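Dear colleague,

Please find the structure below, handed over for your use. My notes on its geometry follow directly after it.

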Amino acid sequence: MGGADSNVLYDYDFLLNRLYQKVPPKSGTAAYEIPEPEIIRIGSQTIIRNFRDISQRLKRDPQLVARFLQRELAAAGSYDGGSGQLVLNVKVSRRVINQFLQLFLKNYVRCPTCNSIDTRLERKGRVWILKCDACGAEQPVKAF
Ligand SMILES: [Zn+2]
């Protein structure tokens, strides 16, 4: 029966290969890379130089991501659309910024049902809903 066994294995690999070829690559099912924040600290201010790039990677309006960081850090700040930089009126490390960006990704970008990042954030008055374009799930999220 040795020959039969190797046939089974062959068939399994063959089917597996076919399966992978048929399934289109999904975005965001594995670890999703956010650009490393480029931080400059000047006095009591922290500037994130590549904030626009980070927001684009998160697929969200920089103003929205900025608002989230300002709320989490309890600090004022201003996003400059010209330079793409965010200035925060607080001293904060890159590690902490990274943690909040990961939190934003988890709570406001990644679909909790299928893990896709092909999502949209829709606001209906005071209610915010995370809508997934990949699986169609809708999830209310905490407004800020
Ligand atoms: Zn989904």
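**Zinc site and surrounding elements**

At 25% relative accessibility, Cys-114 counts as partly exposed, whereas Cys-132, at 6%, counts as buried. Here buried means under 20% relative accessible area, exposed over 50%, and partly exposed in between (1.4 Å probe, protein chains only).

Please note that this is a predicted model, in which local features need pLDDT of at least 70 and side-chain atom pairs count only at pLDDT 80 or more, while totals for chains, interfaces and linings use all residues. Residues are numbered from 1 along each chain as its sequence is written, and side-chain values use heavy atoms, with hydrogens and water left out.

Both cysteines belong to the zinc site: the ion is coordinated at 2.3 Å by the SG atoms of Cys-111, Cys-114, Cys-132 and Cys-135. Donors are N, O and S atoms within 2.8 Å of the metal (3.2 Å for Na, K and Ca); water is not among the atoms, so sites may look incomplete. Along the chain, the donors follow the spacing C-x2-C-x17-C-x2-C. Cys-114 lies in the loop between α4 (94-108) and β5 (119-124) and Cys-132 in strand β6, so this pair ties together parts that are 18 residues apart in sequence. Helices (H or I, at least four residues) and strands (E, at least two) are DSSP runs, numbered from the N terminus.

The angles subtended by the four donor atoms are 106 to 112°, which makes the arrangement tetrahedral (four donors with all angles between 85 and 135 degrees). The ideal angle for four tetrahedral donors is 109.5 degrees.

Strand β6 (residues 127-132) runs antiparallel to β7 (residues 138-141), and four bridges join them; two strands pair if DSSP finds at least two bridges between them. Leu-130 has Gln-139 in β7 as its bridge partner. Five residues separate the strands of this hairpin, in which Gly-136 takes a positive phi near 85°.

Most residues other than glycine have a negative phi. Asn-115 is partly exposed at 35% relative accessibility, as is Lys-59 at 38%.

Finally, helix α3 (residues 62-73) packs against α4 at an angle of about 120°, with the axes 11 Å apart. Axes are lines fitted to C-alpha atoms over the stretch in contact, and angles run from 0 to 180 degrees between N-to-C directions.

Kind regards

Methods: Tetrahedral: all angles 85-135°; square planar, octahedral: opposite > 155°, others 65-115°.
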